[in-house]
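Could you walk me through this structure in my viewer, stop by stop? Please tell me what to select next and what I will find there.

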Amino acid sequence: MATAELPPARSTELPLEPEMHPLVRNKHDLVSVGDAIGEVVLKGEHPRGWWIGFLAGFAMLQILAIAVCWLFYVGVGIWGINVPVAWGFAIVNFVWWIGIGHAGTLISAILLLLHQKWRTSINRFSEAMTIFAVMCAGLFPLLHMGRPWFFYWLYPFPNVAGVWPQFRSPLTWDVFAVTTYFTVSLVFWYLGLVPDLAALRDQARKRWQQIAYGLLALGWRGSAIHWRRYEKVYLILGGISTPLVLSVHTVVSFDFAVSIVPLWHATIFPPFFVSGAIYSGFAMVVAIALPVRKWYKLEDFFSDHHMDIMGKVMLATGFLVTYGYFSEAWMAWYGHTLYEWGTTMERMFGPYGWSYWCLIGFNCVFPLTFLWSKKIRTSPFWMELICISVLIGMWFERYVIVITLAREYVPAGWGTYAPTFWDYATMIGSLGLFLFLFFLFLRYLPMISITEMRELLPKKQGGGGGHSIMENAP
Amino acid sequence: MSTTVTPGPGHAPGHAPDHGHADPTVPVTHGLLAMFETGDQMAHAIEKAVAAGYTHLDGFSPYPVGEAADALKFPKSEMGPVMFIGGLTGACSGFIMQYWANTWGYSLNIGGRPYFSWPSFVPITFEMMVLTTALTGFFGLMAICGLPRYNHPLFNSKNFERATRDRFFVCIEATDPKFNLAETRTFLNDLHPVAVEEVME
């Protein structure tokens, strides 16, 4: 009989929402989630890995301090910049850091709106990463100004000279985009932290912790009315941050695309820059999350399943970026413009051709060959390797774009560019600033959202049955 | 005296109004706090209390429980319009600022474009909108919720520390016209909480 083959009544067995994978491993409840995440901060016992990372960051930060002091004393002449490559490492590093800073808000805003609940494990520290990366990024244009103490001239303010910024310039747009991005990311991050800080305040046993977290928690007491408003604000912030993330790197790409330099003046730049930003941002998140989860034993919250998904996102954005490289070459060839094609040839086989092939190798060939395999996507060693490769590749991408200035229209205007010791010192120093701030964050703030993790737990474990933070906000 | 009825404002004619902290040494009841094990129980208790006619009450939980806010007859928060007005103000002022600065304040001829070349003002208008929406959202939330407020009577309760941890609370405040210490306590006890305690101001 055919009916005998039918499976038993399924309707009662099926969960309401098709839950593919438990996002929190093991049997956690409200208390154990708070302990696993909160005690890292409250106990203050830190694994050796934390000290290594922190001290490395602190040492590199000293390099930054020396480089900046020397820069202020002598001037930007200590860098390798000159005509025709007047931007050099400063803009390469600026764009690289801003790109890395895109993952945080992408994860917290876009994935929030798309109900991607796996984001809960990584949103807090990728938002922190965003803030620190944008700080590092902001450093470079400021230092590149020559007289950074006049940085406020970038903003419109009434002054005796009666001068106002030139609002048709993408560089002015950039100032507004980056400032807004930093501020909104900070607000988003802090708003998410408030309930967690309140949880830490009540969980803390040391007096100074109770006072410090108590002050930062702003007196949050978890009132149902407050929660309803909170969720609405969180939802709207997610909604407006989504176009914001896309707009920031779009505006950064306008810095290039609005010019008439061959290969810069391209309509593909905005989407190409945005996907590259997500690519490198995710790479940075995974590259940092892997050692951190090992040191702090947080595999329950950031599992291999998360790594697998992030690997897939990187695979997709990696291909978008590769399509961008292809399109640049294709447009130059098909467009039949002497300068576009000539610059492409210079880019690939000119004096800086090695950097183009580094870019292709680190950014496309290596990661996109291996990211296809689930085994590799869930192997910490391989993912770490791939992510570092992507970070190097994305740095080279910006280098290749900026170095285009060395070979554009007339050969009489051609020149060379070579970074100096101080260029490298500032770059390594900015990495130090990032690591230093990030490790301080791990030490003093909960690196995973306790509140959202609790809400994500199944109802029988005390949680909100897989709700995410804005789903109660009509 | 705190064990007797605590009258709301306008009640107790002939007595000195003991609501306004006339004598700071005498403790005044803030309300009755019932502790529950799950969010559903809390939401259910609020529903019951609202049905019984209580109006000054609130629920407290470590993570948002939408049903609790629904039961409190607070189906929609006011943050949407607040943020909308904030964003609109930012967008308008951002646009007007650029228009004024580049058309009247300091007009520059850039590639022969008109002084009022509005398409190039779009990015900053957008950024200003996002910025002001976010800032009004955060500061508006704080203002409407009356935060930051570091000294709340509920923090006097030792149990209430668990409101950010693993317990769910309902507090019926003494200002409620229907509040009567003994009756309200019995009412809350009937909802099967883990504990009911009186919280002092």
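Start by selecting G59(B) and V170(B): G59(B) stands opposite V170(B) in β3(B). Strands here are DSSP runs of E with at least two residues, helices are runs of H or I with at least four, and both are numbered from the N terminus. This is a predicted model, in which local features need pLDDT of at least 70 and side-chain atom pairs count only at pLDDT 80 or more, while totals for chains, interfaces and linings use all residues. Residues are numbered from 1 along each chain as its sequence is written, and chains are lettered from A and ligands numbered from 1 in the order in which they are written.

**Stop 1: strand β3 of chain B**

Now show β2(B) together with β3(B). They pair in the antiparallel sense, over four bridges; strands count as paired if DSSP finds at least two bridges between them.

Is β3(B) mostly covered or uncovered? It is mostly covered, as six of its six residues are buried. Buried is used for a residue with 20 or more other C-beta atoms within 10 Å of its own, exposed for 12 or fewer, and partly exposed for anything in between, with C-beta atoms placed from the backbone. Colour F168(B), V170(B) and I172(B) for one side, and F169(B), C171(B) and E173(B) for the other: both faces are covered.

**Stop 2: where the chains touch**

Show both chains. The contact takes 53 residues from chain A and 59 residues from chain B; two residues are in contact if their C-beta atoms, placed from the backbone, lie within 7 Å. On the chain B side, select β2 (57–60), α2 (66–71), α3 (79–105) and α4 (122–145), the elements that give two or more residues. Which element gives the largest share? That is α4(B), with 15 residues. By class, this side of chain B has 35 nonpolar, 16 polar and eight charged residues. Nonpolar covers Ala, Val, Leu, Ile, Met, Phe, Trp, Tyr, Cys and Pro, charged covers Asp, Glu, Lys and Arg, and polar covers the others, Gly among them.

**Stop 3: two helices of chain A**

Select α10(A), residues 304–335, and α11(A), residues 338–349. Their axes come within 7 Å and cross at roughly 140 degrees. The two helices are therefore oblique to each other. Highlight A329(A), A332(A), W333(A) and G335(A) in α10(A), which meet E340(A), W341(A) and T344(A) in α11(A). This contact has four nonpolar, two polar and one charged residues.

In the loop between these helices you will find H336(A). Its phi is near 60 degrees, a positive value in a residue other than glycine. H336(A) is exposed, with 8 other C-beta atoms within 10 Å.

**Stop 4: more backbone details**

Most residues other than glycine have a negative phi, and most peptide bonds are trans. Select H192(B), in the loop between α5 (181–189) and β4 (195–200) of chain B. Phi of H192(B) is also positive, near 60 degrees, and with 12 C-beta neighbours inside 10 Å this residue counts as exposed.

Finish with two cis peptide bonds. One joins V83(A) and P84(A), with omega about 10 degrees; the other joins L147(B) and P148(B), with omega about -5 degrees. P84(A) is in the loop between α2 (48–74) and α3 (88–100) of chain A, and P148(B) is in the loop between α4 and β3 of chain B.

Notes:
Axes fitted to C-alpha atoms, helices over the stretch in contact; angles between N-to-C directions. Parallel < 35°, antiparallel > 145°, perpendicular 65-115°, else oblique.
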